[in-house]
Amino acid sequence: MQYLIQLLISGLAIGAIYGLIAMGFAVIYKSTGLVNFAQGEMTMITAYIAWTISTTVSGNVFVVAVGAILAAVLLGLIIERLVMRPMLGEPVFATVMVTIGLAVILRSAINFIWDAYPHGLDIGMGRGIVHLGGIGVRAGQIAVIATLLLLLAAIWAFFRYSKVGVAMRAVAADDRTALLMGISATRVHALAWAASSVIAGIGGVFFALSYDLSPAMFQLGLKAFPATILGGLDAVLGSGVGGLLIGITENLAGGYIGSGMKEVAGFAMIIIVLMIRPFGIFGERDIERV
């Protein structure tokens with residue numbers, strides 16, 4: 001029983017990281033109708049910037065957090081303005097290919113700017129062990145689960161009650177009508193890229209805090225994408241929940257069936273779900289979702 005609980009807790013922790021990155025996928029898709037295949041690389045860049053701040057400027061958690069968030073916002077805005085905005089009106093296939101090319105460039109930038117060796121992100125907290133009922137859990141694992149839950153609630157309130165959130169939903173539903181109502185689609189797109197970069201970057205920082213920082217971190221995007229598909233590409237909150245489901249499924253499969261199954265369990269899960277729900281658990285055609 002204790003082994004099962006340990007698997008569930010660690011599954012929730014890695015699932016929360018998947019969920020944060022998956023929400024980044026969904027925010028961009030919901031606002032622009034585009035799948036960003038550079039999401040994992042943007043996550044990795046933010047984590048490396050957080051590590052750089054912690055080692056060269058300060059290991060203070062507040063300084064690292066603020067610096068990483070500001071860097072993520074800037075990264076998202078630069079990509080949207082210089083790379084994605086010129087592609088407005090172009091075929092979807094061409095735009096998706098641009099994100100794939102962007103992913104390769106960002107991946108190569110890691111070795112060019114930093115190095116190819118693994119590093120540990122140490123900010124003086126997060127790696128300590130907290131004992132809950134005889135089960136040891138890293139403080140960072142508890143923090144990432146709590147962060148995901150807080151962000152789920154905040155994003156739900158943002159889309160439901162804020163004027164900017166309503167504007168983003170309007171652009172996602174019909175950008176031409178939204179334009180006629182005085183809503184700037186380009187500003188909404190810029191906000192979506194910035195928000196996506198921040199949300200996914202938080203997931204990357206938590207991963208580096210709990211595990212290691214390395215150029216292989218881009219694979220988090222590949223792991224999180226099934227969570228987005230599972231929850232629904234048009235469902236930001238559903239993508240977060242999908243991440244938790246993928247994380248738990250992977251851990252249980254790896255713990256009880258075999259370590260080899262851990263890598264394929266998430267993909268097997270989305271195949272089964274999509275055969276029943278083609279638009280994901282929370283995604284529906286022609287129905288607006290948050």
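User: Is V57 buried or exposed?
Analyst: A note before we start: this is a predicted model. Exposed means over 50% relative accessible area. V57 has 65%, so V57 is exposed. V57 is found in the loop between α2 (39-56) and α3 (61-84).

User: Now the inside. How many residues does the largest nonpolar core have?
Analyst: The largest nonpolar core has 70 residues. M23 and I79 have the most contacts inside this core. Helix α1 (residues 2-32) gives the most to the core, with 13 residues.

User: Which residues does I79 touch, leaving out those up to four places away in sequence?
Analyst: I79 touches M42, M84, L102, L106 and W193.

User: On to charges. What should I look for?
Analyst: Side chains of opposite charge can pair when their charged atoms come close. This structure holds two salt bridges. In one, E41 pairs with R107, and the closest N and O atoms are 2.8 Å apart. That pair links distant parts of the chain: E41 lies in helix α2 and R107 in helix α4 (residues 92-113), 66 residues apart.

User: Why does E41 count as buried?
Analyst: The cut-off for buried is under 20% relative accessible area. E41 is at 2%, so E41 counts as buried. R107 is at 32%, so R107 counts as partly exposed.

User: Which side chain does R85 meet in a salt bridge?
Analyst: R85 meets E80, at 3.0 Å from N to O. Apply the cut-offs again. E80 has 3% relative accessibility and therefore counts as buried. R85 has 25% and therefore counts as partly exposed.

User: Last, the strands. In which sense do β1 and β2 pair, parallel or antiparallel?
Analyst: Strand β1 (residues 129-132) and β2 pair in the antiparallel sense, over four bridges. To trace the pairing, find I129, which stands opposite R138 in β2.

User: Which residues of β2 are on the covered face, and which on the uncovered one?
Analyst: Strand β2 covers residues 135-138. I135 and V137 make up the covered face. G136 and R138 make up the uncovered face.

Technical notes. Residues numbered from 1 in each chain as written. Predicted model: local features only at pLDDT ≥ 70, side-chain atom pairs only at ≥ 80, totals over all residues. Heavy atoms only, no water. Core = buried A, V, L, I, M, F, W, Y, C linked by side-chain atoms within 4.5 Å. Buried < 20%, exposed > 50% of the residue type's maximum accessible area, 1.4 Å probe, protein only. Helix = DSSP H or I, 4+ residues; strand = E, 2+ residues; numbered from the N terminus. Contact = heavy atoms within 4.5 Å. Pairing = 2+ DSSP bridges. Salt bridge = Lys/Arg side-chain N within 4 Å of Asp/Glu carboxyl O.
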